[in-house]
Amino acid sequence: GGLTAAAVVVAVSLDGNGSESVEPSNTVPATTEHEEPPQQPVVDSDSGSGSVSPRWRPLGEPGVGGRVTGLAMSPFDPDIVLIAGDLLGTARSADGGRSWERSDGLLSLEAARFTFHPSRPDEVWVGTMSGPHVSSDGGATWEPRRIGLPDLESFFYSAPVEVILFDDNVPDRLLAFGGSHREWDTPGEPAWGVVWESLDGGGTW
């Protein structure tokens, strides 16, 4: 029991050939392929069994800008991958990272970590510098959930949230952990380090 984040944080490893070149558009297609060197077998030192080393290829710019601050694969569908950045918000892939589409609805575009609901595949939460946001369509669009948090001020970050966690034992209890590992400087008095509790599924805090 306890608090869990039903999110899988990943680095992208793909078994197919080729790499993607990325163009600056809402939907980013894979456009270039090339031959990759063959995989070299790797021997498991514990069992002695042979395995194949992973191959890696760049995702290019999925449209989130700046540094990548969050990356998660849906525990319900491995083709659904979400990515967050510290400049342009979040983007979503429905084909395992081969193409990306920007998401809409964030109050601020400095996003952080994702959390998938443990039993509702389309519900995802993300922390931002303007507080928690929820998606009911698998990360394609977002809505703020800020009732009970400090009011937003123009260009101020009043309630930065890094991550939202669910309580395994109380389905409607969520905790939003205030802060940002990017440590954005901001005027005013943002609620750094505060933990916000919701007992109604994120409706109020």
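1. E123 is buried, at 14% relative accessibility. Here buried means under 20% relative accessible area, exposed means over 50%, and partly exposed lies in between, with a 1.4 Å probe and protein chains only. This is a predicted model, in which local features need pLDDT of at least 70 and side-chain atom pairs count only at pLDDT 80 or more, whereas totals for chains, interfaces and linings use all residues. Residues are numbered from 1 along each chain as its sequence is written, and side-chain values use heavy atoms, with hydrogens and water left out.

2. The partner of E123 is R120: the two form a salt bridge, with 2.7 Å between the closest N and O atoms. A salt bridge is taken as a side-chain nitrogen of Lys or Arg within 4 Å of a carboxyl oxygen of Asp or Glu. R120 has 43% relative accessibility and counts as partly exposed. The structure holds 4 salt bridges.

3. Two other salt bridges involve R173. One of them brings its side chain together with that of D167, at 2.8 Å from N to O; the other is with E197, at 2.7 Å from N to O. R173 lies in the loop between β14 (161-167) and β15 (174-178), and E197 in strand β16 (residues 195-198), so the pair, 24 residues apart, links distant parts of the chain. Helices (H or I, at least four residues) and strands (E, at least two) are DSSP runs, numbered from the N terminus.

4. Through shared partners, salt bridges join D167, R173 and E197 into one network. In general, side chains of opposite charge can pair when their charged atoms come close.

5. On the sheet: 4 strands form an open sheet in the order β10-β11-β12-β13, and their pairing is antiparallel. Two strands count as paired if DSSP finds at least two bridges between them.

6. β10 and β11 (residues 124-128) run antiparallel and are joined by 4 bridges. Across this pairing, T115 stands opposite W125 in β11.
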